[in-house]
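Please open the model in your viewer and keep the selection tool at hand.

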Amino acid sequence: MPVIRAFMVPHPPMIVPEVGRGSEKQVEKTIKAYEKVADEIAELKPETIIISSPHSLNYYDYFHISPGAGAVGSFSDFGAPEVKFEVRYDQELVNLISDYAERSGFPAGTLGEKNPSLDHGTMVPLWFILQKYKDFKLVRTGLSGYDLLKHYEYGMLIKDALDELGRKVVYVASGDLSHKLQSYGPYGFAEEGPVYDKRIMDVCSGARFDELFDFDESFCEKAAECGHKSFVIMAGALDGKVVRATQYSHEDVTGVGYGICSFMPEGDDDKRHFLEARLKKVQNEIVQKSRESDAFVKLARESAEYFVKNGREMDLPSWVPPELLDRQAGAFVSVHKFGSLRGCIGTIASTKENLALEIIHNAVSAVSEDPRFEPVTEDELNYLDINVDVLGEAEKISSPAELNVKKYGVIVQSGYKRGLLLPDLDGVDTVEQQISIARRKGNIGPDEKIELFRFEVVRHY
C-alpha cells in the first residue's frame with residue numbers, strides 16, 4: 001500500500017509549551033496548523049508513521065534508519081526533561097527497506113548507530129501527533145550528504161518497500177525552512193533566506209516536486225535551510241502519484257521559516273516519475289555540452305572516461321591541438337554531478353611535459369583519488385559535468401587587500417605547508433573565507449604565520 005498521506009512540518013522545540021514557556025504564542029498559526037495535521041493523522045489511523053529528520057543520525061554517504069525495537073527521548077537538552085517519549089519501531093518495515101537497499105546496492109540501512117535517543121526533529125512532530133493518536137509504530141530515518149536526486153531515489157525505495165508490505169503509512173517530512181529570515185533572528189539575515197522560503201512554499205503548495213531539484217546547493221547553504229532533503233525524500237515516496245497539496249501555514253516571525261503542507265495522493269500519473277525525467281534531462285544537457293566543449297574539457301572528459309572504463313591512464317590522443325602540446329602549466333580538473341562536487345584535483349605548477357599530459361593525469365586523479373569521495377563508477381559517467389582551470393603563475397602579495405575572490409585564486413603557505421583555493425567558487429564570497437578555507441586545506445592553524453600568493457586562472461567549461 002502506498003503512502004496514504006504526507007506532511008511537511010517544522011521542528012522548533014520552542015513550539016512545545018514546556019520548552020517555549022510562553023514564547024510559543026508568537027507562532028500561533030504554526031501551532032494551529034500542526035494541530036490540524038495531528039487531527040488528520042488521528043482520523044487516518046495509520047499503522048506506521050515514517051519521519052525523516054535532519055537531526056537524526058546523518059552520514060555523508062549513507063542513509064541511516066534507526067534500528068531496534070524502539071527508542072526513548074526527552075526535551076532535557078531544551079530545559080524540559082519532564083517531556084518524555086517512548087516509541088516502538090516498525091522493525092518489519094525497517095528490515096524490508098534495508099533489504100531493498102542491500103539488494104539494489106543503495107547506501108541505506110541500520111548500520112552505524114551512535115546515539116539511539118530520539119532527536120528533536122523527530123520529537124516535535126511526535127509531540128503533536130501523540131496528543132491525538134498513539135496506536136502506531138515509527139520508522140525514523142536521517143538524511144545524507146548525497147545530492148538531491150539520491151534523496152528522491154531513497155524515497156522511491158521506501159515506496160517500493162511499502163508497496164510490498166501493504167502497510168497503512170503516513171509520511172512526515174520534518175524540517176525548518178531558512179534560518180536567515182530576520183536580522184533579529186538567532187542566525188541573522190541573508191538575502192537568500194526569504195527567497196528560499198517563498199520559493200519552497202510555492203513549489204510544495206503546488207506539489208511541483210520536480211522543481212525541488214532546481215534548488216542549487218550553494219543557494220540552499222546561504223539560505224541556511226534545514227529540511228530540503230527531508231522534503232525530497234518525501235516527494236520520492238510519492239513518485240508517480242497524483243498529489244493534491246494544501247498549504248496550512250507559513251511563518252517567519254522568529255527569523256526561522258516554519259512551513260506546513262499536506263499532500264494527498266489521489267491515483268497514478270505516469271508523468272510524475274520525476275527522477276527518471278530529470279536523469280534524461282541531465283544526460284541530454286551533458287551530451288550537448290560535451291559537443292560544445294573546447295579541447296581542454298574534451299581531453300579531460302576523454303581521460304576520465306577512459307580511466308573509469310579501463311582502469312589505466314590513456315595515451316596522448318592524436319587529435320590534441322598545439323595549444324595544449326606547446327605549453328606547460330598547472331591545471332585543476334573539477335567534476336560535478338547533479339550540481340554537487342564529485343571530485344577536484346590539480347597541480348599548482350606544471351609537473352608534466354606539456355599541458356595536455358597535465359590535464360590527462362589530473363582528470364584521472366579527480367575521478368579516482370580525491371580523498372573526499374569514492375572513485376567515480378562507470379554508471380555515473382553520463383551525468384558528469386567537467387571543467388578545467390589552467391593556472392597562471394603565482395605571485396607573492398603582501399596583504400589580503402590584494403586578493404579578489406572572483407578574479408584571483410590564493411595560495412596560503414606556512415613553512416612546508418601549503419593550501420590552495422581556486423577563484424570564483426560557489427559559496428566563497430569574501431577574501432576572509434578564501435584564506436580560511438585555504439588554511440584548512442593546507443592544515444595550517446589560524447595562529448600560524450603565513451605567506452600569501454595569488455594567481456589567475458582561465459576556466460574552460
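Begin by selecting Asp-216, Glu-217, Glu-221 and Asp-426, which gather on the surface in a patch of negative charge. A patch is made of residues with over 30% relative accessible area and no salt bridge, like charges being joined within 9 Å and nonpolar side chains (Val, Leu, Ile, Met, Phe, Trp, Tyr) within 5 Å. Asp and Glu count as negative and Lys and Arg as positive, while His and the chain ends are not counted; the place of a charge is taken as CG of Asp, CD of Glu, NZ of Lys or CZ of Arg. Accessible areas come from the Shrake-Rupley method with a 1.4 Å probe, and for residues only the protein chains shown count as cover.

This is a predicted model, in which local features need pLDDT of at least 70 and side-chain atom pairs count only at pLDDT 80 or more, whereas totals for chains, interfaces and linings use all residues. Residues are numbered from 1 along each chain as its sequence is written, and side-chain values use heavy atoms, with hydrogens and water left out.

Asp-216 is partly exposed at a relative accessible area of 36%, where buried means under 20%, exposed over 50% and partly exposed in between (1.4 Å probe, protein chains only).

Turn next to the salt bridges, of which the structure holds 25, each being a side-chain nitrogen of Lys or Arg within 4 Å of a carboxyl oxygen of Asp or Glu. Select Arg-5 and Glu-40, whose side chains meet in one of them (2.9 Å, N to O). Arg-5 lies in strand S1 (residues 5-9) and Glu-40 in helix H2 (residues 28-44), so the pair ties together parts 35 residues apart in sequence. Arg-5 is buried at 11% relative accessibility, and Glu-40 is buried at 13%.

Now move to Glu-451 and Lys-396, a salt bridge with its closest N and O atoms 2.6 Å apart. The pair links distant parts of the chain, with Glu-451 in strand S17 (residues 451-455) and Lys-396 in strand S14 (residues 395-397), 55 residues apart. Glu-451 is partly exposed at 31% relative accessibility, whereas Lys-396 is exposed at 52%.

Finish at Lys-417 and Glu-448, a salt bridge with its closest N and O atoms 3.0 Å apart.

Definitions and conventions. Helix = DSSP H or I, 4+ residues; strand = E, 2+ residues; numbered from the N terminus.
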